[in-house]
Amino acid sequence: MTDKNMALETPIRSTENPYPKPAYWIALIGLILIFSGAMLAHMIRTSDGISVSDIRFAGTDGIEMSALLYVPAGASEAAPAPAILAVHGYINSRETQDGFAIEFARRGYVVLSMDQTGHGYSEGPAFSNGFGGPDGLKYLRSLPMVDRDQIGLEGHSMGGWTVLAAAAAMPDAYQSIVLQGSSTGAPFAQEGNPDWPRNLALVFSLYDEFAQIMWGVDRAIDTPTSSKLQSVFGTQDKIVAGQLYGSLADGTARILHQPHTTHPGNHLSTDAIGRATDWFAKTLKGGSPRPASDQIWMWKEFGTGLGLLGFILLVIGTFDILIRLPAFAPLRRAPIANGIPRDRRWWTIFCFSTILPALIFFPVFIAAGLGLPASQWLPQAITTQVTIWALASAGIALSLNRLFRSSATPALSPWIRTICIAMATVTIAYLALLLVDRIFHTDLRFWVVAIKLPSHSQWGIAAIYVLPITAAFFVTLRSLCAALAVDGDSTAKQYGSAIATLCLGFVILLSLIYGIFFLTGTLITGFDPLSTVIALQFIPLLAAMAIITIFCWRRTGSHRPGATLAGILVTLYVVAGTATQI
């Protein structure tokens, strides 16, 4: 072993002060944000005396289905209330519908916000049993506090197909329906016509990424000219947004609304949520009408968003506490930054490192989707795509590392202690998440970016993907710590460079895609709208991993602890937040 390697393997004494001072306060702030944010979310959900319960019920063939049940004050067997079945879209979960569920419940409706089959905590494969829609409607109608004659259905995207499956299976069990960014007809829903489904409100945004799939038009702004939609509305003319077609009394009413937002943006749109509450006020008897502008759900989103930030702080704060314990003290080393300035060579590495992973995103996702369908060994199609992309990005990082040799090499932290501190850190963070789930019945999220507690089966699925995803991060983050960390950089520059390296390519790519989309109405990635929406999550996710990596590197001099943490956290994030097909 060379003298240099021996130096790297020798723990640095605290008197030499080679790394940041203790930052125990970070973990404390993280815990405060997590629990205060979750408490705020709970207060918003339960305003006006609403009760919220995390329930399980038996579905087709005995599979366990999951839902959040909102019951307004005063709803009872003696005084049954109107009710709404609310369902999320593909690769989301029941909490994604919180904005709708909160506002429905505030207006006096019992709300069953359920997980589709194969999503969240509902068992069975995705797409099975009508996505779970018929089971959800059957269970909702069985509740004693529900007025069975006054039931509405609401679903976003594939959740629309879920409630349409329920409407098809039980055609006399509901009064009206709201489709958010969804459609009737192929590939998964029954074809609509002027008489079915009953009293339909379609909320299809001007910039919905799925216009071609849903209504057969290239641009969402052209939805009113869709022949498929016109057949549902019973006319051959262009649909006039906001105009009522058909008859409420006969159950043939139709109306189209087009908010100025995107497909996933419906969940953050007061317009989209207000249109839904107004429609049910017109079509369901009972409840407590409120103006559409009277909405408080955004404070719940703010609360769980704070919790999401707190989770990241808890992770790095916990690592900082653990690294100072005797068991993990051998991991403490001074980081060795690159001795070269930010010259042409550095910028070349940086540009390739940030742009190439973004450029290969769509080709890799499409190839993995076609070549590696869900199977017993790879039960989640989206997680498989993320894994293949991560490995391909690691291949790019490895190639760049060979082309541009760095003068600095990260220390190689002992494997056993590295794995143990990473697992201990994740365990403590997820124990906090477990408490939030048990006490407040919520995950930690902002919009579609959510950290969820995995179900029992999802822990097993995570074991399949964690090794390749972590291996990919080892390669990618080694390059980040060795070649792109510049000696003499301030703390802000170290974190800023890492975040830019991992995220800037996606920022540029998505800015281009959505810039053109908002200017012209044309989605240039319309050949794969699902991956376009998925890519939005990569920016905050990769930014968080950059922060964790640099934080750990500044305390250990090694990329290994940060890479291990990143691999475990990303695996759990994706597995718990997507669909299981097998």
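Which residues in α12 meet which residues in α14? On the α12 side they are Thr 383, Thr 384, Thr 387, Ala 390, Leu 391, Ser 393, Ala 394, Ala 397, Leu 398 and Asn 401, and on the α14 side Tyr 465, Pro 468, Ile 469, Ala 472, Val 475, Thr 476, Arg 478 and Ser 479. Contact means heavy atoms within 4.5 Å. The model is predicted, so local features need pLDDT of at least 70 and side-chain atom pairs count only at pLDDT 80 or more, while totals for chains, interfaces and linings use all residues. Residues are numbered from 1 along each chain as its sequence is written, and side-chain values use heavy atoms, with hydrogens and water left out.

**Helix packing**

Two packed helices are described by the angle between their axes and the distance between the axes. Axes are lines fitted to C-alpha atoms, for helices over the stretch in contact, and angles run from 0 to 180 degrees between N-to-C directions. Helices (H or I, at least four residues) and strands (E, at least two) are DSSP runs, numbered from the N terminus.

| Helix pair | Angle between axes | Axis distance |
|---|---|---|
| α2 and α9 | about 160 degrees | 6 Å |
| α12 and α14 | about 30 degrees | 8 Å |
| α14 and α16 | roughly 65 degrees | within 11 Å |

The pair α12 and α14 packs at about 30 degrees, which makes α12 roughly parallel to α14 (angles under 35 degrees count as roughly parallel, over 145 as roughly antiparallel, 65 to 115 as roughly perpendicular and the rest as oblique). Their crossing is left-handed, a term for a near helix turned anticlockwise from the far one by less than a right angle, with right-handed for clockwise. The contact of α12 with α14 comprises 10 nonpolar, 7 polar and 1 charged residues; Ala, Val, Leu, Ile, Met, Phe, Trp, Tyr, Cys and Pro count as nonpolar, Asp, Glu, Lys and Arg as charged, and the others, Gly among them, as polar.

Helices α2 (residues 24-45) and α9 (residues 297-322) pack at about 160 degrees, which makes α2 roughly antiparallel to α9. The crossing of α2 and α9 is left-handed, and their contact has 21 nonpolar, 8 polar and 3 charged residues.

The crossing of α14 and α16 is right-handed. Here Phe 473, Leu 477, Leu 480 and Cys 481 of α14 make contact with Met 545, Thr 549 and Trp 553 of α16. That contact has 6 nonpolar, 1 polar and no charged residues.

**Cavities**

A cavity is a set of points, on a 1 Å grid over the protein atoms alone, where a 1.4 Å probe fits but cannot get out, and its lining residues have an atom within 4 Å of a point. Grid points are joined across faces, edges and corners, and a volume is the space filled by probe spheres set on the points. There are 5 cavities of 30 Å³ or more.

The largest cavity has a volume of about 560 Å³. Of its 39 lining residues, Val 386, Trp 389, Phe 538, Leu 541 and Val 570 are the closest to its centre. Helix α12 gives the most to this lining, with 8 residues. By class, the lining of the largest cavity has 25 nonpolar, 12 polar and 2 charged residues.

The second largest cavity holds about 70 Å³. Its lining includes Leu 480 and Trp 553, and α15 gives the most to it, with 5 residues.

**Backbone features**

A cis peptide bond joins Trp 196 and Pro 197, with omega about 0 degrees. Pro 197 lies in the loop between β6 (176-180) and β7 (200-203).

Definitions and conventions. On a 1 Å grid over the protein atoms alone, a cavity is a set of points where a 1.4 Å probe fits but cannot get out, and a pocket is an open set with protein on both sides within 12 Å along at least five of seven lines; lining residues have an atom within 4 Å of a point.
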